[in-house]
Amino acid sequence: QAEVLRAQVRRARVRENGHSFAADVERADAAADALRGGPGDSLQVPALVGPDSTVLLAVLHDTLPDWTTLWNSLMAASPALRLASARVERARASAHAFGIAARPDFMLMAEYAPRLGGRDPLVTGMIGVSIPLWNSRKQGPAAEAARWDLTGAEQRRQDLQVRVEAELRDRVAQIRALQRRAAELRTDVLPLAEAASASALASYSVGRVDLTTVLDAQDEFFEAQLDLARLIAAYGAERAALSALLGEEWSQ
C-alpha cells in the first residue's frame with residue numbers, strides 16, 4: 001500500500017510539472033503574439049531530445065568563427081560603434097580645420113600683358129605670404145577646444161569598444177560552456193542514468209528492490225534528459241543573442 005501511495009504522489013507531481021510546462025508554452029505564445037503584432041499560429045514545440053536520447057539540435061557540432069572574424073563582424077554591425085566612429089571622424093575634421101586656420105597662407109600670382117607698337121609684352125610675377133597673427137590669437141581657444149573634443153570622442157569610442165568586447169567575450173564563453181556541459185550530459189550522464197534505470201527495473205522484476213527504487217532511478221533518468229533539453233534551450237538563446245549582436249540571422 002505504501003508503494004502504491006508513493007507512485008500516486010509521483011504521478012501527481014508529474015501532472016503538476018505538466019501544468020507548469022503548459023503555462024510556459026502559453027506565456028511563450030503571448031510573447032510571440034506581441035512580437036508579431038497580433039495572434040497568429042500557435043508555437044510548435046519540437047522535441048529537443050529523441051526517444052533514444054539523441055540530441056536533435058546540432059549543439060555539439062556547431063562551431064563559432066575565430067575571434068578576429070567575430071570582432072570584425074561586431075565592428076561592422078554595431079550601430080553604437082559606427083556612431084562613435086563617425087563622431088570621432090567629425091571631431092578630427094573639426095580639429096584639423098581649426099588647426100590650419102592659424103597657419104600662414106602662401107600666394108603665387110603671375111600676369112601677362114601684351115603691348116602695342118612692337119613693344120615687348122609685360123610679364124609680372126608675385127609671391128606673397130600672409131601671416132595671420134591676429135587670426136591665430138582668435139582661433140587658438142577654438143582649436144584647443146576642438147582638440148579636447150577629439151580626445152573625448154576617441155575616449156568614448158574606446159570605452160564603448162571595451163564594453164562591447166566584454167559582452168562579446170561573455171557570449172562566446174557562455175556558448176562554449178553550454179556546449180561542453182551538453183556534451184558531458186550526452187556522453188556520460190545520460191547513458192549512466194539510463195543504465196541505472198534499466199538495472200533497477202530488472203532488479204524489481206525479480207523482487208530484489210522495491211518500486212520506490214525503480215521510480216527514483218527513472219526520475220533521475222528523466223531529470224538528466226530534462227537537464228539536457230534545458231541546456232539546448234539555453235544554448236539556442238545564447239546563440240541567437242550572439243547573432244543579434246553581430247547583426248546576422250541564425251536559426252536551427
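User: What makes the meeting of the side chains of Arg171 and Glu238 a salt bridge?

Analyst: A salt bridge needs a side-chain nitrogen of Lys or Arg within 4 Å of a carboxyl oxygen of Asp or Glu. Arg171 and Glu238 meet at 3.0 Å, N to O. That is within the limit, so the pair counts. Side chains of opposite charge can pair when their charged atoms come close.

A word on the source: this is a predicted model, where local features need pLDDT of at least 70, side-chain atom pairs count only at pLDDT 80 or more, and totals for chains, interfaces and linings use all residues. Residues are numbered from 1 along each chain as its sequence is written, and side-chain values use heavy atoms, with hydrogens and water left out.

User: Which parts does the pair of Arg171 and Glu238 tie together?

Analyst: Arg171 lies in helix α4 (residues 133-205) and Glu238 in helix α5 (residues 211-246), so the pair ties together parts 67 residues apart in sequence. Helices here are DSSP runs of H or I with at least four residues, strands are E runs of at least two, and both are numbered from the N terminus.

User: Why is Glu238 called buried?

Analyst: Buried means under 20% relative accessible area, exposed means over 50%, and partly exposed lies in between (1.4 Å probe, protein chains only). Glu238 has 18%, so Glu238 is buried. Arg171 has 22%, so Arg171 counts as partly exposed.

User: How do you know that Glu89 forms a salt bridge with Arg92?

Analyst: Their closest N and O atoms are 2.9 Å apart. The rule's limit is 4 Å, so the pair passes. Glu89 and Arg92 sit 3 residues apart in helix α3 (residues 79-101), which means about one helical turn separates them. Glu89 is partly exposed at 45%, and Arg92 is partly exposed at 33%. Glu89, Arg92 and Glu154 are linked in a network of salt bridges.

User: Why does the pair of Arg230 and Asp227 count as a salt bridge?

Analyst: The closest N and O atoms of Arg230 and Asp227 are 3.8 Å apart. That value is within 4 Å, so the pair counts. Both residues are in helix α5, 3 residues apart, or about one helical turn. Arg230 is partly exposed at 46%, as is Asp227 at 29%.

User: How many salt bridges does the rule give?

Analyst: The count comes to 7.

User: How many helices and strands does the protein chain have?

Analyst: There are 5 helices and 2 strands. Their order from the N terminus is α-α-α-β-β-α-α. Of the chain's 252 residues, 23% count as buried.
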